[in-house]
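Visitor: I'd like to learn how to read a structure like this one. Could you walk me through it?

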Amino acid sequence: MRRSSMTLSILVTVLLSLSFAFLSNANIANADGHEQDEARVKYRQTGMSGIGNNMGAIGDIMKNRLGMPAAIAIHANQMADSAALIAPAFKQRIMDGPNDAKAEIWQDWAKFEEAIATYEEAARGLATAAASGDPKAVGPAMRALGKSCGGCHKPFRKPKEESYKNQ
């Protein structure tokens with residue numbers, strides 16, 4: 001009888017230890033999941049900021065007539081290359097925390113991907129126009145790129161007034 005109660009005591013201790021370990025790991029996994037979501041949103045924001053920085057640099061070149069078509073082509077190609085990173089960055093629906101993504105991204109994923117493709121095509125068009133050396137081709141290509149940015153921002157990004165940056 002004594003041996004059976006000792007075995008039962010050991011079994012209960014082991015089961016309790018495993019239960020506590022499981023619960024602790026579950027809490028760690030939940031914390032890691034939240035941290036992963038925060039990291040994904042931060043990655044999105046960094047990537048989109050990079051695109052915005054390239055667009056700003058092109059705008060500076062054009063506005064100040066810096067005569068740097070090769071630089072415009074490089075910035076435009078960087079923007080076009082970044083298009084391949086947008087969909088994977090937004091694939092997971094995360095709307096918590098500081099975030100300007102609208103639910104419409106995931107509600108109409110095909111339209112979101114279409115907007116990304118339009119943006120990439122416009123960025124490549126600007127790179128081609130800038131590389132051609134024809135200054136008359138750059139302006140319309142830049143306007144097309146700006147329009148493509150708006151074609152994604154309007155339906156899929158919160159308006160500036162609602163941005164987490166203004167909270």
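Guide: We'll go from the overall fold to the salt bridges and then to one backbone angle.

Guide: First, some ground rules: this is a predicted model, where local features need pLDDT of at least 70, side-chain atom pairs count only at pLDDT 80 or more, and totals for chains, interfaces and linings use all residues. Residues are numbered from 1 along each chain as its sequence is written, and side-chain values use heavy atoms, with hydrogens and water left out.

Visitor: How many helices and strands are there in the chain?

Guide: Helices (H or I, at least four residues) and strands (E, at least two) are DSSP runs, numbered from the N terminus. Here the chain has 5 helices and 0 strands, so the pattern along the sequence reads α-α-α-α-α.

Visitor: On to charges. How many salt bridges does the count come to?

Guide: The rule asks for a side-chain nitrogen of Lys or Arg within 4 Å of a carboxyl oxygen of Asp or Glu. The count is 2 salt bridges. One of them pairs D81 with R124, with the closest N and O atoms 2.8 Å apart. That pair links distant parts of the chain, since D81 sits in helix α2 (residues 69-90) and R124 in helix α4 (residues 109-132), 43 residues apart.

Visitor: Which residue does R124 also bridge to, and how far apart are the closest N and O atoms?

Guide: R124 also bridges to E120, at 3.6 Å between the closest N and O atoms. Both are in helix α4, 4 residues apart, which means about one helical turn separates them. Shared partners join D81, E120 and R124 into one network.

Visitor: Are D81, R124 and E120 buried, exposed or partly exposed?

Guide: Relative accessible area is 46% for D81, 32% for R124 and 30% for E120, so each counts as partly exposed.

Visitor: And the backbone? What is the phi of R65?

Guide: The general idea is that most residues other than glycine have a negative phi. R65 is not a glycine, yet its phi is positive, about 50 degrees. You'll find R65 in the loop between α1 (2-63) and α2, and it is exposed, with a relative accessible area of 77%.

Definitions and conventions:
Buried < 20%, exposed > 50% of the residue type's maximum accessible area, 1.4 Å probe, protein only.
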